[in-house]
Amino acid sequence: MQDPSPPTRFAAAARPESLLINMGPSHPAMHGTIRIMLELDGERILNSEVEVGYLHRGFEKTCEARTWFNLLIYTDRLNYVSPLINNLGYAMTMEKMLGLAVPERAQVIRALMSEVSRVSDHLTCLAAMAMECGAFTAFLYTMKAREFLWDVIEQTSGARMTTSYIRIGGVRADLHPDYAAHVAKALVETRKVLKDVHGLLDKNKIFLNRTRDVAVMSQEDAIAYGWTGPCLRSTGVRYDVRKAQPYLVYDRVAFDVPLGERGDNFDRYMVRMLEMEQSLRIVEQCVALLPKAAPGLTADGMPPAEAITEARRQKSGRPIRLSPNLEGSEKAVSKDIMAADGGAVIPPKEETYTSIEGLITHFKFFMKGHGIRPPKGEVYFAVEGGNGELGFYIVSDGTDRPYRLHLRGPCFHIVSALESLIKGRLIADVIPTFGSMNMIGGELDR
Amino acid sequence: MEEKDDLSALRAAWPGDILDAGTPFGDATIVIRPAALLAVMGALRAAPYSYTMLLDLTVVDYPDRPERFELVYHLLSIPRNRRIRIKLSVPESASVVASLTGIWKNAEWLEREAFDMFGVRFEGHPYMKRLFMYDGFEGHPLRKDYGLRHRQPPIPLRKP
């Protein structure tokens with residue numbers, strides 16, 4: 001049988017005397033999912049070709065076969081370091097299409113959760129980048145801080161990564177009653193770690209040699225490659241979706257947009273470091289924006305089975321309250337965290353478990369051919385993800401599932417510039433350059 | 001509204017090539033003839049429109065329409081802080097569109113993805129190779145007639 005793979009452009013153009021090597025897909029610094037083919041003269045990279053797609057799992061095709069509500073779980077797996085921002089991007093695109101108004105409390109919670117996710121995203125990127133340059137201490141410190149941030153997320157959403165917490169119309173459940181203490185702890189610990197990492201890396205000669213003036217990106221090229229987010233801002237272009245087209249409560253909180261000057265690896269590191277401080281500022285302000293406690297919030301509710309038993313008694317002496325963090329929300333809380341639209345959001349679980357009308361509404365929401373029915377049309381909406389503009393383009397044909405759903409993943413565009421950035425540099429420069437891009441396979445390959 | 005100004009200015013400048021313009025759900029959208037793609041995109045990138053960034057390119061497959069593939073481009077103007085969507089449709093029999101690789105650098109990967117997923121070809125593209133799928137993959141997975149659980153035949157082992 002004939003070999004189906006013709007030689008790649010890179011292999012066809014390679015000089016016979018130069019050395020060709022594969023970096024990845026199974027290489028510890030390639031984050032598991034990318035292959036860079038290098039043509040080397042000694043240690044100098046003459047040419048390269050980046051091959052992606054190792055983590056392609058048909059996200060868009062799968063979404064076309066799921067209902068509007070069900071496909072939310074797949075968005076968790078896009079940028080798996082900041083899943084809440086992916087949830088947010090999808091939910092807000094759908095809200096734009098449905099014309100839903102989200103209650104203010106839910107908006108503040110969403111902003112808070114996005115910023116916590118953004119910090120954990122940047123921490124992960126810098127942790128990997130520093131570790132691959134040999135700075136294992138910085139890696140351990142940042143991972144420690146990330147655990148405290150994920151405690152905040154886990155406490156409220158019940159999961160560290162696959163959260164599915166931000167839903168169309170609002171958020172799934174109110175914040176955990178004890179969230180403020182965890183947020184305060186995470187803020188203290190993260191600030192401590194940021195100070196330590198600044199001390200470890202900012203003037204570290206080994207780190208500077210590998211990042212300063214390495215892989216310099218010009219403003220024009222960054223725009224021509226479609227760069228957004230921290231990588232674009234490291235070149236000095238002021239574009240942040242949170243400032244340019246404010247969503248949620250970002251027009252009401254004070255924060256700065258840190259900019260770089262040279263667009264090299266070090267600037268990409270530094271912009272992320274400074275952005276985390278700004279994100280922590282936003283988190284603080286979001287906590288202040290939230291009233292002290294949600295009305296009707298109960299810390300210790302009943303498990304659903306007990307609530308059902310209680311509801312069946314003719315005269316139950318006890319008030320029927322479900323645990324706020326188990327399956328969403330009591331009726332009293334629901335109006336603060338979910339939009340009031342019967343067709344687009346699930347009714348509060350309390351109604352589902354305790355009244356026949358609630359049960360019918362619940363079933364109708366999940367039945368095939370029912371549920372969310374947006375109007376025909378197409379819509380694009382973008383939020384500022386960990387890596388930049390995270391956009392969803394959704395085409396609806398009026399049925400219960402998307403006709404087409406497309407994700408504009410920010411790191412797709414960033415990684416497409418990798419070949420040009422490493423050309424002519426040393427093979428060791430690939431590692432910090434690739435690390436500073438924060439390639440996330442789930443988002444790039446989809 | 002300013003966005004309306006952009007759209008009416010574009011309509012006046014390209015009377016025969018812009019088939020439709022509007023702002024559904026608040027997104028500025030124009031529909032153009034495929035032949036005018038390069039000229040319109042070049043004009044949009046330059047001043048006064050200054051849509052300097054190609055945000056996204058994707059394709060929507062409508063198997064029932066005579067012009068089956070709808071290409072959807074999203075542009076962003078950072079100085080003017082606005083986005084625009086450009087759409088054009090091509091039939092399956094002549095699904096060749098001009099490549100934008102001469103205008104935007106990320107068009108190379110975006111167009112490779114569109115080719116990989118839908119089989120739309122781009123004229124003038126330097127390296128029309130599948131992006132996510134492997135060489136030897138049969139069909140184009142995001143087309144509507146490609147089944148969700150469709151399986152691929154095993155690929156032969158490469159000779160050393």
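Tutor: Strand β1 (residues 18–22) of chain B pairs with strand β2 (residues 29–32) of chain B in the antiparallel sense, over 4 bridges. This is a predicted model, and what follows describes that prediction. One of the pairings joins Gly22(B) to Thr29(B), its bridge partner in β2(B). The hairpin of β1(B) and β2(B) has 6 residues between the strands. In this hairpin Phe25(B) takes a positive phi near 55°.

Chain B has 3 helices and 7 strands. Read from the N terminus on, the order of its elements is α-β-β-α-β-β-β-β-α-β. Taken along the principal axes, the box filled by the C-alpha atoms of chain B is roughly 60 × 35 × 25 Å. Chain B has 160 residues, of which 36% count as buried. Among the contacts in chain B with a separation of 6 or more, 44% are between residues 24 or more positions apart.

Chain B also touches chain A: 33 residues of chain B are in contact with 36 residues of chain A. Which elements of chain B give two or more residues to the side that touches chain A? They are β3 (53–61), β4 (69–77) and α3 (107–118) of chain B. The largest share of that side, 6 residues, comes from β3(B). Sorted by class, the side of chain B that touches chain A consists of 19 nonpolar, 6 polar and 8 charged residues.

In one of them, 3 strands form an open sheet in the order β1-β2-β3 (chain A), with antiparallel pairing. The edges are taken by β1 (19–23) and β3 (44–51) of chain A, each with a single partner strand, so one side of each is left without a neighbour in the sheet. On average, neighbouring strands of this sheet are turned by 20° against each other, direction ignored. Strand β2 (residues 35–41) of chain A pairs with β3(A) in the antiparallel sense over 7 bridges. Within that pairing, Leu40(A) has Ile45(A) in β3(A) as its bridge partner.

Another open sheet of chain A has 3 strands in the order β6-β7-β8, and its pairing is antiparallel. Here β6 (377–384) and β8 (404–408) of chain A stand at the edges; each has a single partner strand, so one side of each lacks a neighbour in the sheet. From one strand to the next, the twist averages 10°. β6(A) and strand β7 (residues 389–396) of chain A run antiparallel and are joined by 8 bridges. Glu378(A) stands opposite Val395(A) in β7(A). Helix α4 (residues 83–98) of chain A lies across β6 and β7 of chain A, at about 145° to β6(A).

Chain A also has helices that pack on each other. Helix α5 (residues 104–132) and helix α6 (residues 136–157) of chain A pack at an angle of about 160°, and their axes are 8 Å apart. α5(A) and α6(A) are therefore roughly antiparallel to each other. Their crossing is left-handed. The residues of α5(A) in this contact include Met113(A), Leu123(A) and Met131(A), while those of α6(A) include Phe136(A), Arg146(A) and Trp150(A). By class, the residues of the contact of α5(A) with α6(A) are 17 nonpolar, 3 polar and 1 charged.

A further helix pair is helix α12 (residues 265–289) and helix α19 (residues 430–437) of chain A, which pack at about 30° with their axes 9 Å apart. The crossing of α12(A) and α19(A) is left-handed. In this contact Asn265(A), Arg268(A) and Tyr269(A) in α12(A) meet Pro432(A), Thr433(A) and Ser436(A) in α19(A). The contact of α12(A) with α19(A) has 2 nonpolar, 3 polar and 1 charged residues.

How values were computed: Residues numbered from 1 in each chain as written. Chains lettered and ligands numbered in written order. Predicted model: local features only at pLDDT ≥ 70, side-chain atom pairs only at ≥ 80, totals over all residues. Contact = placed C-beta atoms within 7 Å. Nonpolar A, V, L, I, M, F, W, Y, C, P; charged D, E, K, R; others polar. Axes fitted to C-alpha atoms, helices over the stretch in contact; angles between N-to-C directions. Parallel < 35°, antiparallel > 145°, perpendicular 65-115°, else oblique. Left-handed = near helix turned anticlockwise from the far one by under 90°. Buried ≥ 20, exposed ≤ 12 C-beta atoms within 10 Å, placed from the backbone. Pairing = 2+ DSSP bridges.
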